[in-house]
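Here is a friendly walk through a few side-chain and helix contacts. Have the sequence and the 3D view at hand as you read.

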Amino acid sequence: AGVQADVLSDLQQRVDNDRQNINKFAIVRTVLERINEKEDSTLRERREIIKRVAEFENFSSCWSEDQLKAKGLVSEVQRVVNVKDSFTRINQEREKERQERAENSRKEIAATQERRKRIDDLKQRLYILFPMDNEPQKRGKLLESVVNDLFTIYEISIRKDFKRVDASGAGVIEQIDGVIEFKGQIYLVEMKWLKEAIGVDSIGQHLVRLYQRDGARALFIAANGYADTTISECREALDKKIIALLNLDELVMMLEAHRSLTDLLDKKIQAAIVDKNPYQRVLS
């Protein structure tokens, strides 16, 4: 079983020189006591001895009157080993689960930190847009990029700057700022940064695109709110289509408060469906 020679040397001498005055029981008892005293340094040898006892099957060398006793003792060793092995396996499984939970927690923390960093960067990109009053077209395109990246951070599937091209080669016949899939539903996304509140004429084309697509929903993002007539028009449209109106300051407050975009969208859409309110202010 790999027991070191220094443990066995004096016993070997007695066997060689005075074989009649030492028996197997004494040899085994002495060796076991010695390797037990060495504790962890002989753990491998002790395990190997137990393994060999537990695997013992041939009792023909035992005295006939001792065979049943020997079988019973080996059986007891096997039972104890099985119990210990079961506990070991249980403990190993528990340790594995603990390590998996710790690893998952570490990954979640790392993912949260990475998301927080990406959101902080995105906030800076958003904030620098507010002073760009003299570059409305550039600011509008940059806003699209910021909002699209925000969807990506929250793992909302997005198709950016969607264009529909005429099959005959006449060019682009329709352009949508973005298309997202949220909770299994398709939303046409439109973003406008105007100095005044969005009027019916500014949202009308988007509503036309919406009506042309069966099953599609609409998400509209404006920088300076919506005219009452626009809200009324969208409220009437709710009888046939789901429309959610967001204001840019709601996204800003969401980012500042470290709220979830998915929660914000959920509440907006729920208000549109349940309360027939396309412009429910969720954050203020």
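Predicted model: local features only at pLDDT ≥ 70, side-chain atom pairs only at ≥ 80, totals over all residues.

Together with Tyr279, Phe220 and Tyr226 belong to a cluster linked by ring pairs.

How many aromatic pairs does the structure hold? There are 5 aromatic pairs in the structure. Among them are the two in this table, both edge-to-face.

| Aromatic pair | Centre to centre | Angle between the planes |
|---|---|---|
| Phe56 and Phe59 | 5.2 Å | 80° |
| Phe220 and Tyr226 | 5.9 Å | 65° |

Phe59 has a relative accessibility of 11%, under the 20% limit, so Phe59 counts as buried.

Now for a pair of helices. Helix α8 spans residues 248–256 and helix α9 spans residues 261–274. Their axes lie 10 Å apart, and the helices pack at an angle of about 140°. An angle has to be over 145° to count as roughly antiparallel, so α8 and α9 are oblique to each other. The crossing of α8 past α9 is right-handed.

Which residues meet where α8 and α9 touch? From α8 come Glu250, Leu251 and Met254, and they meet Leu261, Leu264 and Lys268 of α9. Sorted by class, this contact has 4 nonpolar residues, 2 charged residues and no polar ones.

Terms used
Residues numbered from 1 in each chain as written. Heavy atoms only, no water. Axes fitted to C-alpha atoms, helices over the stretch in contact; angles between N-to-C directions. Helix = DSSP H or I, 4+ residues; strand = E, 2+ residues; numbered from the N terminus. Parallel < 35°, antiparallel > 145°, perpendicular 65-115°, else oblique. Left-handed = near helix turned anticlockwise from the far one by under 90°. Contact = heavy atoms within 4.5 Å. Nonpolar A, V, L, I, M, F, W, Y, C, P; charged D, E, K, R; others polar. Phe/Tyr/Trp six-rings, centres within 6.5 Å; stacked < 30°, edge-to-face > 60°. Buried < 20%, exposed > 50% of the residue type's maximum accessible area, 1.4 Å probe, protein only.
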